[in-house]
Amino acid sequence: MLKEVANRERVSIEIELDDFRKYDKGEVVINDIEKNTLRYVNVFASAIDSIMPLRDVNANVEEDSIDVLADWRVRMQRELVDPTALPDQNSAIPKELLRRYEVNFISRSDRDTLKIRNISAGDIGGLVKVKGIVTRITEVRPMMRCATYICDVCGNEIYQIINKKKYTPVTECPSAQCQQNRNKRPVLPQTRGSKFIKFQEIRLQESPEEVPEGNVPRAIIIYAMGELTRLCQCGDKIACDGIWLPIPNTGGFAAMRAGLTTNTYLHCMCISKEKKGYDIEQQDDKLLKEVNKIAKDPKIYDKLSRSIAPEIYGLEDVKKAMLLLLISGVTKVSKTDQMKIRGDINILLMGDPGVAKSQLLKHISHVAPRCVYTTGKGSSGVGLTAAVQRDPVTKDMVLEGGALVLADMGICCIDEFDKMEESDRTAIHEVMEQQTISIAKAGITTTLNARTSILAAANPAFGRYDKKRSPEININLPAALLSRFDLLFVLVDTPNLDNDIALARHIAFVHQNLKHPELDFEPFSSDLLRAYIAEARTYEPVIPSTLADYIVGCYVSMRKQSLDENGQYDSKKIVGTPRALLSILRLAQALARIRFSNVVNQSDVAEAMRLMKKQNIQHYKEKILKENMKMRYHEYLQSDVAEAMRLMKEAKHSTLQREDIEREYEDEISRIFGAVREYMESRNRTEARIADIKTILTTKGFNDDNIDETFERYEQNDIWYISADGETLTMT
């Protein structure tokens with residue numbers, strides 16, 4: 001390790017206390033290290049300086065300004081030193097200025113993680129380990145570690161070691177010659193000869209599960225320096241080892257106002273992410289071996305999808321779509337005009353209450369290494385995009401990213417999507433297609449990256465899903481936003497005896513045993529899922545030219561399904577826009593990635609088309625059910641029972657008057673029209689709400705199907721017309 005430092009191949013020297021424990025009998029020294037860590041950082045640094053080996057002759061190291069200045073300082077001190085005079089400690093070159101390494105302690109693995117709210121004054125100066133969520137990070141700025149000054153009278157260099165953010169510069173030369181001559185001329189600061197290190201401030205907030213009931217989450221400030229900067233981003237869950245230190249007051253009114261109290265911070269020693277990202281280099285070797293082993297299973301697609309939220313019963317196709325969301329397609333950029341074609345997949349879950357939409361979103365936020373969970377009612381347009389705030393360090397106006405910016409290269413889960421305000425919902429339009437956020441606020445004009453997948457869940461506008469209305473009316477979202485979702489699943493809670501029994505038994509088992517029922521295989525853990533996804537995302541599948549005609553045919557057939565029998569637009573179906581063609585390609589690429597293949601085959605496109613058609617199946621079920629009822633009615637008319645009923649009806653008509661017979665044979669649709677016209681005339685108006693009309697007709701005993709058929713038939717004959725949202729009826 002020291003040889004690597006000497007050859008400039010390594011900067012950080014990490015001392016794990018688990019290894020140090022093997023050489024410390026009685027754990028006396030290790031306890032002192034944990035109680036007074038900052039002192040032992042200097043002790044170990046001095047020991048390393050004394051045993052640091054020389055650089056290899058063949059080492060390929062380029063000398064920088066620090067090396068040149070170090071050689072020059074040594075030569076100048078040799079020339080200026082008087083062999084008969086006593087050594088001047090003020091002009092000696094400090095070791096801190098020449099060190100090219102950092103010493104960091106890593107706490108013992110068996111030591112418990114300390115909650116942020118449990119850190120007390122007794123921990124000051126000691127090594128602590130905390131966990132939390134990163135809520136704010138500053139830009140990386142240079143921080144002066146050793147200031148250098150030159151006296152123009154005696155020619156000596158003066159060095160000042162700085163261990164805090166604020167310091168008082170040296171104004172007079174402390175050398176013996178200047179002190180004897182009472183030289184009061186100010187020294188000259190030398191920026192090029194000073195030593196700077198990278199500095200970043202991190203705000204760490206305690207996790208939601210650690211916050212007691214009725215309390216507000218607490219946060220601490222972390223100072224990351226050197227190689228520990230840029231290791232985390234906002235939204236990451238991290239574990240941090242550091243030294244708990246006070247922030248010294250530099251005097252003045254701030255110190256007088258603070259009194260005996262002081263602020264504290266955590267001097268960072270080590271940062272580790274709780275959930276590793278999709279970078280294949282960050283994954284464990286054992287997990288990667290397991291991934292290569294399970295990838296040979298022909299049923300890996302089903303097993304991976306069933307491993308997502310196994311505690312939730314059913315929803316196999318929805319879980320498969322969630323798996324494709326985690327893997328995503330391939331983002332491509334045009335070579336000519338740099339046009340970007342997104343590869344991230346957006347999914348919308350729309351359905352009745354109680355179909356486990358929110359639980360699926362929570363599980364995805366747990367599996368994904370980078371995910372932000374928010375709700376529609378608790379989110380604003382600024383909270384989703386970016387806000388202009390004043391930086392507490394530099395006091396400048398800066399942009400602070402919202403949920404979509406924090407979820408960059410990850411997933412943004414938005415629950416209660418239908419509860420969002422329309423003005424706030426428009427902020428998502430640009431993100432879902434261009435994957436950028438354009439900002440023009442407070443003199444700041446810029447474009448932020450928001451390369452995220454949107455996973456949204458919404459309830460219908462009428463509480464429960466109305467199968468007789470189109471998805472646009474049920475979810476009350478504009479068509480421009482609906483077309484940006486690659487998959488839209490309609491989850492309807494339909495009563496079914498067999499399904500209800502199986503679901504109730506599944507929920508009872510989970511509630512009793514706090515685990516899912518046994519499957520025909522062992523579900524994969526979240527770590528293994530992340531490792532498999534990381535390996536799959538290294539592939540970049542392409543569409544072969546032989547599949548072009550097949551994909552075009554699938555897209556054209558999907559467009560035809562949006563038309564009714566007369567070749568006109570059917571408002572009860574989701575129309576496949578040209579964006580749907582890109583959705584097919586994205587889903588097919590994600591399916592090819594699951595197979596660890598760089599080529600998309602026909603089965604991938606077929607599975608993508610099956611998932612695309614699945615979003616319309618709920619509308620087709622209702623239509624098929626009505627057709628089956630009509631067929632059964634025609635079979636009934638041809639039976640003997642129908643003939644007996646006809647004879648009884650004729651016998652009844654023979655006893656009625658002519659007016660009663662005509663009223664009996666009057667078409668029910670005509671009677672519904674008469675009731676509607678009577679309703680309008682009684683109120684002396686030509687426009688009314690359809691909900692009010694339906695209430696009156698239902699109380700009179702008319703069937704809902706006949707009511708809808710009457711509305712449609714008389715609208716085609718231009719007797720009345722219905723508004724685009726299906727809410728009002730106007731007589732012509």
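Let's start with Asn104, which lies in strand E2, residues 102-106. Strands here are DSSP runs of E with at least two residues, helices are runs of H or I with at least four, and both are numbered from the N terminus.

A word on the model before we go on. This is a predicted model, where local features need pLDDT of at least 70 and side-chain atom pairs count only at pLDDT 80 or more, while totals for chains, interfaces and linings use all residues. Residues are numbered from 1 along each chain as its sequence is written, and side-chain values use heavy atoms, with hydrogens and water left out.

Back to Asn104. Is Asn104 buried or exposed? Asn104 counts as buried, because its relative accessibility is 5%. Buried means under 20% relative accessible area, exposed means over 50%, and partly exposed is in between, with a 1.4 Å probe and protein chains only.

Which residues does Asn104 touch? Leaving out residues up to four places away in sequence, they are Ser12, Ile13, Glu14, Ile15, Leu228 and Met269. Touching, or contact, means heavy atoms within 4.5 Å. With Ser12 there is also a polar contact, side chain to side chain, at 3.3 Å. That term means a pair of N or O atoms within 3.5 Å; within protein, one must be able to donate a hydrogen and the other to accept it, and residues adjacent in sequence count only if both atoms are side-chain atoms.

Next, Lys468. Lys468 sits in the loop between strand E20 (453-458) and helix H17 (471-475). Lys468 is partly exposed, at 29% relative accessible area. Asp705 is 237 residues away along the chain, yet the two C-alpha atoms are separated by 9.5 Å.

Now helix pairs. Two packed helices are described by the angle between their axes and the distance between the axes.

Take H3 (residues 28-35) and H4 (residues 37-51). They pack at about 115°, with axes 5 Å apart. H3 and H4 are therefore roughly perpendicular to each other. From H3, Asp32, Ile33, Glu34 and Lys35 meet Thr37, Tyr40 and Phe44 of H4. By class, that contact has three nonpolar, one polar and three charged residues.

Last pair: H27 (residues 668-683) and H28 (residues 690-699). Their angle is about 120°, and their axes are 11 Å apart. H27 and H28 are therefore oblique to each other. On the H27 side, the contact is made by Ile672, Ala675, Val676, Tyr679 and Met680; H28 brings Asp692, Ile693, Ile696 and Leu697. By class, this contact has eight nonpolar, no polar and one charged residues.

Methods: Axes are lines fitted to C-alpha atoms, for helices over the stretch in contact, and angles run from 0 to 180 degrees between N-to-C directions. Angles under 35 degrees count as roughly parallel, over 145 as roughly antiparallel, 65 to 115 as roughly perpendicular and the rest as oblique. Ala, Val, Leu, Ile, Met, Phe, Trp, Tyr, Cys and Pro count as nonpolar, Asp, Glu, Lys and Arg as charged, and the others, Gly among them, as polar.
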